[in-house]
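Trainee: I would like to learn how to read a model of this kind, one feature at a time. Could we look at it together?

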Amino acid sequence: MSERTEFAFYDGNSLAGPLSEVFAVELTTAVGRCRSCGKSSEVATFRVYGPEPGFVGHCPHCEDVLLRLVRTPDALWLDFSGVSALRISMPADSTGS
Amino acid sequence: MEGPADVLEVVVMSIVSRGFRGRRRDSNQRLPPGQYLTDDFPVLSAGPTPRISLDDWEFTVVTELGQSHRWSWKELTGLSAESVTADIHCVTRWSKLDTAWRGVSIDTLLADVETAADFALIHSYGGYSTNLPLEDLLDGKAWVAYEYNGQELAPEHGGPARLLVPHLYFWKSAKWVRGIELMPQDFPGFWEQLGYHDYGDPWREQRYQGD
Ligand SMILES: [Zn+2]
């Protein structure tokens with residue numbers, strides 16, 4: 001039997017590597033609002049299952065799926081549809097004014 | 001905290017080493033391309049293990065015309081069951097030979113269901129889904145399995161009941177199965193929406209879309 005138990009999930013920091021492959025900003029400190037329960041949580045606090053067959057991030061409040069990420073040999077598939085909005089902190093001087 | 005990549009590496013290494021120890025002469029012919037043998041039964045999960053009381057459990061078949069057929073746990077386990085021994089192949093590259101199951105054939109469940117559907121979308125407790133052609137569920141190729149190795153199916157392996165479709169990659173054998181939606185057209189399930197293959201034949205190594 002596998003030593004992994006049903007409680008074995010990772011925190012959202014496990015998403016840092018795969019997300020940094022495509023996003024220039026650090027997304028684990030971004031705050032996402034759950035489309036299902038409306039509560040906000042930092043990506044780093046998502047309950048993440050995986051990495052195989054893919055990463056699945058669940059809402060720490062209601063357990064619904066917030067994001068799914070699959071890395072195939074030649075593509076990265078990302079479903080953020082469980083997140084209604086993502087707040088990403090940006091430096092104040094980057095507004096381009 | 002160990003990163004998932006480290007954990008995966010440990011799992012893969014243990015599968016590889018066990019595989020070489022446990023390999024039998026005839027095993028290579030039973031191993032699809034790109035697979036390793038394991039005596040273990042790794043647990044892969046996309047979410048928390050659903051807990052369903054057997055009093056509340058039900059299995060539902062919904063046809064393309066919206067007609068529902070339902071079985072309670074008592075009704076399902078009262079149907080004639082079959083014992084099945086099969087090799088299983090996970091898309092994460094482990095294969096396990098001669099796994100022993102007991103459950104109800106999908107042929108039995110669909111015997112009185114009128115349908116002209118060509119595809120099925122399997123639904124699970126906990127929100128998981130997976131799609132496959134209806135013909136791959138018929139003619140003795142698929143079961144709703146509720147026993148493994150002569151014991152009731154453990155929750156981490158999909159208990160109280162899971163789909164068993166051993167001729168396709170094991171993500172099609174949905175854990176915690178709760179029903180079949182019959183459809184005229186194919187509709188991608190949980191992993192199929194994220195780049196995994198719609199059919200998933202391990203002998204043709206159909207892991208990802210385009211394979
Ligand atoms: Zn939520």
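Trainee: Which spacing do the donors of the zinc ion follow along the chain?

Mentor: Bear in mind that this is a predicted model. Along the chain, the donors of the zinc ion are spaced as C-x2-C-x21-C-x2-C. They are the SG atoms of Cys34(A), Cys37(A), Cys59(A) and Cys62(A), which coordinate the ion at 2.3 to 2.4 Å.

Trainee: What is the geometry of the site of the zinc ion, judged by the angles among its four donor atoms?

Mentor: Four donors count as tetrahedral if all angles lie between 85 and 135 degrees. Here the angles among the four donor atoms are 106 to 113°, and the site is tetrahedral. Cys37(A) belongs to the loop between strand S1 (31-34) and strand S2 (40-42), while Cys59(A) belongs to the loop between strand S4 (55-58) and strand S5 (65-72), so this pair ties together parts that are 22 residues apart in sequence.

Trainee: Are Cys37(A) and Cys59(A) buried or exposed?

Mentor: Buried means under 20% relative accessible area. Cys59(A), at 0% relative accessibility, is therefore buried, whereas Cys37(A), at 32%, counts as partly exposed.

Trainee: In which order do the four strands of the open sheet lie?

Mentor: Strands of a sheet pair through backbone hydrogen bonds, either parallel or antiparallel. In chain A the order is S3-S4-S5-S6, with antiparallel pairing. Strand S3 (47-49) and strand S6 (75-79) stand at the edges with a single partner strand each, so one side of each has no neighbour in the sheet. On average, neighbouring strands of this sheet are turned by 15° against each other, direction ignored.

Trainee: How many bridges join S5(A) to S6(A)?

Mentor: Five bridges join these antiparallel strands, and Thr72(A) stands opposite Ala75(A) in S6(A).

Conventions
Residues are numbered from 1 along each chain as its sequence is written. Chains are lettered from A and ligands numbered from 1 in the order in which they are written. This is a predicted model: local features need pLDDT of at least 70, side-chain atom pairs count only at pLDDT 80 or more; totals for chains, interfaces and linings use all residues. Side-chain values use heavy atoms; hydrogens and water are left out. Donors are N, O and S atoms within 2.8 Å of the metal (3.2 Å for Na, K and Ca); water is not among the atoms, so sites may look incomplete. Four donors count as tetrahedral if all angles lie between 85 and 135 degrees; four count as square planar and six as octahedral if opposite donors are over 155 degrees apart and all others between 65 and 115; anything else is irregular. Helices (H or I, at least four residues) and strands (E, at least two) are DSSP runs, numbered from the N terminus. Buried means under 20% relative accessible area, exposed over 50%, partly exposed in between (1.4 Å probe, protein chains only). Two strands pair if DSSP finds at least two bridges between them. Axes are lines fitted to C-alpha atoms, for helices over the stretch in contact, and angles run from 0 to 180 degrees between N-to-C directions.
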